[in-house]
Protein chains: 2
Amino acid sequence: MDEARAIDAFGALAQETRLRIVRLLVTAGPEGLPAGVIGEAMGGASSSRMSFHLSQLEQAGLVTSRREGRSILYNATFPALAELIEFLMRDCCRGHPDVCRPAVAALSGAAGSEAVRAAVPDKGAPTSAA
Amino acid sequence: MDEARAIDAFGALAQETRLRIVRLLVTAGPEGLPAGVIGEAMGGASSSRMSFHLSQLEQAGLVTSRREGRSILYNATFPALAELIEFLMRDCCRGHPDVCRPAVAALSGAAGSEAVRAAVPDKGAPTSAA
DNA sequence: GTCATATCTCAAGACATGTTGAGATATTGA
DNA sequence: TCAATATCTCAACATGTCTTGAGATATGAC
């Protein structure tokens, strides 16, 4: 993911309604949800407001849409989310792998395991990264 | 990291100058850089422009500042970056751990290793997450 | 104290973003 | 074809963001 694309993605996520939409669609999985249901979940947002935010997310590449009958189903673009995470991690781990370890460790739930230490590279960065 | 804080952070990163500042400060490490040097690196941005963006980043918790002589040194807040990554991973891995694995794997540079598979939890999610 | 340096603060203007409401478009069923 | 449903598109408005330039503030050297 290049810088411009990351900026678009960050911008798309920097808004309450859109961030919630993404989280909702992530939990909804690959089947997706129709715009109307998403609007309901957003507290009964107007259709034009939904359309606006959904198109912003789609332009940013974070969701995709497909028509199914009368409805248009949206789903999260998981690869784009993964790339965004990777973009952030590259920035923040470049020379500071000890910073990313806690994030990965928190994910795994387990204590700072050997697995985590193995997953995050250690290029000999300082430990006082705070 | 809660939703509101994540939105602030995403908003702060959704701007070319600010994203570059963060990347610069990450590579600069814990010693940090003076505002003037950062401005130079941003193509000679005006001091008021720098001040604006740096204060945005500081409000979002992504950088911290301290005075040292005449200069004010800024450095990246690594824990905040790590929390942001964790926030994103939680969203995107909730039920879809196979999505986060590539990101972690890309970080480690190594092929999709056992270490990575161990670091990212597998709660029995579908594999067709795309 | 005075001066130079480094940075911040403030106000103004241009531009971008988010919301609303009215109306257009596509799909389905009677 | 007609009506109902689901969603999009557009224009208008309010609000927020970014840049600029002028001036204020803090620090250190003379």
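**The surface near DNA strand C**

Around DNA strand C there are 23 residues, the closest being S48(A), P34(B), G36(B), S48(B) and S51(B); a residue counts as near a strand if its C-beta atom, placed from the backbone, lies within 6 Å of it. This is a predicted model, in which local features need pLDDT of at least 70, side-chain atom pairs count only at pLDDT 80 or more, and totals for chains, interfaces and linings use all residues. Residues are numbered from 1 along each chain as its sequence is written, while chains are lettered from A and ligands numbered from 1 in the order in which they are written.

Which element gives the largest share of the surface near DNA strand C? That is helix 4 of chain B, with six residues. Helices (H or I, at least four residues) are DSSP runs, numbered from the N terminus.

Let us turn to helix 1 of chain A. Its buried residues are A6(A), A9(A), F10(A), A12(A) and L13(A). They cover an arc of only 160° around the axis, which puts them on the same side of helix 1 of chain A; the arc is that of the directions from the helix axis to the C-beta atoms. On the other side, E3(A) and A4(A) are exposed. Buried means 20 or more other C-beta atoms within 10 Å of the residue's own, exposed means 12 or fewer, and partly exposed lies in between, with C-beta atoms placed from the backbone.

Finally, 14 of the 16 residues of helix 5 of chain A are buried, so this helix is largely enclosed by the rest of the structure.

Methods. Helix = DSSP H or I, 4+ residues; strand = E, 2+ residues; numbered from the N terminus.
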